Amino acid sequence: MSKYLLEVGCEELPYKFIPSAIQQLKTGFENFLNTNKVEFEDVKVYATPRRLAVIVSGLEKESKDEVKIVKGPVKKVAYDDDGNLTKAGEGFCKKNGISADDLYIEDDYLYAKITVKGQSIVDLLKDNVPSIVLKLQGSHFMRWGDNDEKFSRPIRWIVSILDKDEVKIKIIDKESSNVTRGHRFAQQNVYINNPDDYVEIMRNCCVIVDQEERKQRIIDKAKEEAEKLGAEPYYTDDLLEEVTFITEYPVPAVCEFSEEYLKLPEELVVTVMAVHQRYFALYKDGKLINKFITMTNYLGDEFENIKAGNVRVIKARLDDAVFFFNEDTAKPLADYVEDLKGITFQKGMGTMYDKALRLVALSKLIAGDNKTVERTAMLAKADLATKLVFEFTELQGFIGADYARVSNEPECVCAGIKEHYFPLNADGEIAETLEGQVVGIADKIDNICAVFAEGKKPTGSSDPLGVRRAALGIIRTILANNMKIDLTMLINSALLLLPVSTEGESLADKFKKAAGSCVNRVSGKVTDEIYEFFIQRLIIYLSDRYSKNVLEACASNKNPLTDLTDYIKRVETVSKLNSPAVLESANRVLRILKEDSKKSVNKNLFKEPAEAMLLNQIETVSYDLDYDAYLKQLEEINPSVEKFFNDVLVMDKDENVKENRLALLTVLKKKYDYLADFGKL
């Protein structure tokens, strides 16, 4: 078994491109090896800002021979009347490198079994590796120098080694060798003679090529420095990933700024440090302190200039924040609501002020008359008109909450303003206050309906206004708090509240168009598209916990959006179904009933005792019980269902009798439908 190493050295790569490049290279090499029938054990991809490296282990020396069955022309075309090959037959042989002895006839066609000899792995690597690298995709790829090929950054060196031998390749204008480069402040010409030594040799040159090892070093070093201060470092997954991919050998440096800046909103200071400057904020006894850690990509002992430079930069950023904060808080948050009239929400969907009014209306539909909820809805977007949020857009909601406190708004309103954006990501925390939950649902419903009403529904490559995340946020919020909300009603109401574009039309035409558009929204394909979108997000979200068949079955018989908590209860009950007999009976009913009977059951038309017995049993099944008890009832009446099918011919010659039996089965089907569409189980 062999091992292959490829390293492509570049100028500093954009950190956002690197995770994608890792996955693309892994997939590219695996597909190449599988396509060429080359056995291998594993493909590992390593990446730093200056290099992309691939190590393929357990590699066969050559690809396997492949036997192919090749179809040729029709027999009468391939052979003449004397049984000799025609020109067409001979051409088929020549094309595939075979003789007449290799041919055979099947279904009146000429066939041949061809053995394609395997290729050496060296030849395959030479032919395929450059194209794998050049197929990488990312934003802002461009041509460098006089080259026609595009890449993320200029390529400076290439290492290509199979075991102890070089495999010469050329990518764009660079030819490979066995020479790499260490850290910018360490040894530059480094020889790699064996892929097994690569990771360790690079580590000795102050380059940690394994991104997971590098990430863990960042965590460990940050904690180590923080412990010296009796503090804990704060970082998000995004910050950790970014720092991982902008350093080759992370070294921590602790910096300090004036305590005066701690008077600013905490989220603001942390955001300036983490998002804008890639610093690790420090907390001591649960409180933010005026120190932070920056991860340098520096080798040496002279950190004073580095520290001074970082402090100078963060001071400038925080001075801006102080100025904006003082300017904004000169008037109460409520005064900024009027300024929302100058901010467009979405083309054709009015201003942010219009949206605020819609949030109030939708929140009333969810929570009824609740003053703090209405106040939260009215103020939720007010901070968008402030200077601080204009400068730090990622702090919308957080700044609104702080400004609301400065304005002496009730604490539940302040929390609701912040929380109505929650969850911020798929796994983020959800709103804890009623105000945050209700206004958050209203806001996300309004976003989703606006996108679909404009015909901009999400696709594989686009997600306008983050509606996928919005739908998931609504689902998580409702389920986590057992909220009873009819989303179908809320969706219809949100669609009707959206404005209708009527520029340049007469007053009569405006009213006519507005009325027609509103009706079309709630009766046409828009509502169906939104329902389907929500249901698919719901099923995807729950598919880790429940069988997809059960989820679809419980969504098919009744729209789950009318009551998500009820839907979950049905899913949990149907998931416990362990009776093949009940399942078979339900599906037998569905197979017989092409459509539900519109007639009532007439006992006078019963001919067999099993008919009356089944009706009596059906009538004992009560909708008043919980779903577990209801399922048990279906199991208890199943012997009567089986006896009915054993004793009764549903499709009787007498049309009246047949219709009556179909009506009886329709009554039974409704009992099954109360739980789920058993045809999908």
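This is a predicted model: local features need pLDDT of at least 70, side-chain atom pairs count only at pLDDT 80 or more; totals for chains, interfaces and linings use all residues.
Entry one, helix H1.
I began with H1, which runs over residues 17-35 and has 19 residues. From its first C-alpha to its last I read 26 Å, close to the 27 Å expected at 1.5 Å a residue. I then listed the buried residues of H1: Phe 17, Ile 18, Ala 21, Ile 22, Leu 25, Gly 28, Phe 29, Phe 32 and Leu 33. Seen down the axis of H1, these buried residues fall within an arc of 140°, so they line one face of the helix. I looked up what covers them and found, among others, strands E1 (2-10), E2 (42-48) and E3 (51-59), with helices H4 (121-134) and H6 (211-228). After H1 comes Lys 37, and I noted its positive phi, near 55°.

Entry two, Glu 248.
I placed Glu 248 in the loop between helix H7 (237-244) and strand E16 (251-256). Its relative accessible area is 1%, under the 20% limit, so I count Glu 248 as buried. Beyond residues up to four places away in sequence, Glu 248 touches several others, including Arg 50, His 183, Cys 206 and Asn 297. Thr 48 is also on that list, and its side chain makes a polar contact with the side chain of Glu 248 at 2.5 Å.

Entry three, Ser 556.
I found Ser 556 in helix H20, residues 548-556. Ser 556 has 36% relative accessibility, so I put it down as partly exposed. Leaving aside neighbours within four places in sequence, I found Ser 556 in contact with Asp 677 and Lys 680. With Asp 677 there is a polar contact, side chain to side chain, at 3.1 Å. I also checked Ile 485, 71 residues from Ser 556 along the chain; their C-alpha atoms are separated by 19 Å.

How values were computed: Residues are numbered from 1 along each chain as its sequence is written. Side-chain values use heavy atoms; hydrogens and water are left out. Helices (H or I, at least four residues) and strands (E, at least two) are DSSP runs, numbered from the N terminus. Buried means under 20% relative accessible area, exposed over 50%, partly exposed in between (1.4 Å probe, protein chains only). Contact means heavy atoms within 4.5 Å. A polar contact is a pair of N or O atoms within 3.5 Å; within protein, one must be able to donate a hydrogen and the other to accept it, and residues adjacent in sequence count only if both atoms are side-chain atoms. The expected span of a helix is 1.5 Å times one less than its number of residues. The arc is that of the directions from the helix axis to the C-beta atoms.
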